[in-house]
Every structure is written in structure tokens, then in C-alpha cells.
Amino acid sequence: MVKLGTDSFILRSKKVSSQSKVIIVDDNQDDLFLIQNLLQCEAPTTQVIPCKSVADARAVLQAEHAIDLVILDLKMPDEDGYDAIKTIRTDMETVHIPIIVLSGSEDPGDIGRAYYAGASAYLIKPDQMDEYSEMIRYLAGFWLRYCRFF
């Protein structure tokens, strides 16, 4: 148990293993399919859990206790991504999970709100397939191979 200020955390310092679990949250079926396939090409042993809504993602987070990364679109029909980020950040069981916003919005207001809510990173969805592939390769390399967190 680690004490940080008035909060206590169970230290789970680790390099994300080859058996990582990643939740992808996007209501656009094509984007969900593309991100899932690109991520599985870059990190083939990673279990990718696609979710079409924030409610689906919340259910997975409550059921699964070993999620290593959340990739989240902001503009969702049931609940916006900002509220989802805040929910993840206020739950002691999920506060440690990195949240990558992957959005089509380049609006500085959206970017600022995402970071203010607790996003770990904000990425803009590329228009070109080769750029999308490169972005997912770098994302997988950093967050699933090299990043350590608790």
C-alpha cells in the first residue's frame, strides 16, 4: 500500500505484459473495427475489448479488474467521453488506467477539456490509412511495451 497525500493505493507497478487488455470505446463501427485490427496487428497477444458505448465500457471496467489501457472517442451518443474520463479517474479501482482520447476533433477546447478531465493523451484521428497505422504502432509501442504505471 502506498500513501499519496490522503489517498492510499495498492502499488501495481509493472510494465504492461504481452497479455495486456485494452478497451476501445467508439460508436463508429468502422473506426472501432479499424482501431481494433491495427492494434491487434501491432500487439497480437493483446486482448482488445471493443465497446460501442460508454455504458458498455463501464460494464467491462466493473467486470474486468486488469484493464491496462482505454482508448476513447469523445463524441458518444449515450454519454460524452469527458464524463467517462472523470468516472474512471474518480474510481479507486480504475484511477491508474491510462486513457487515450482518440478523436476527430482538433478543437483546442475539446483537447483542453479532455486533459482537464484526466486524459493521459489526446490523439487526433488521421485521415490517411498509413498515418492511422503509424499512430497505432507508436501508441502500442509506448503504452503497451514501454510504459510503466501503477
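**Note on strand 7 and its neighbours**

1. L72 stands opposite V101 in strand 7, where strands are DSSP runs of E of at least two residues and helices are runs of H or I of at least four residues, numbered from the N terminus. The chain crosses from strand 6 through helix 3 (residues 81–90) to strand 7 in a right-handed β-α-β crossover, right-handed meaning that, with the strands pointing away from the viewer, the path from the first strand over the helix to the second runs clockwise. Strand 6 (residues 69–72) pairs with strand 7 in the parallel sense over 3 bridges, pairing being called if DSSP finds at least two bridges between two strands.

2. This is a predicted model, in which local features need pLDDT of at least 70 and side-chain atom pairs count only at pLDDT 80 or more, while totals for chains, interfaces and linings use all residues. Residues are numbered from 1 along each chain as its sequence is written, and side-chain values use heavy atoms, with hydrogens and water left out.

3. On strand 8 (residues 121–124), strand 7 (residues 99–103) has a parallel partner over 4 bridges, with V101 bridged to Y122 and S103 bridged to I124.

4. The protein chain averages a pLDDT (the predictor's confidence in each residue, from 0 to 100) of 86, but pLDDT stays under 50 over residues 9–17. Where pLDDT is low, the predicted coordinates should not be read in detail.

Key:
Contact means heavy atoms within 4.5 Å.
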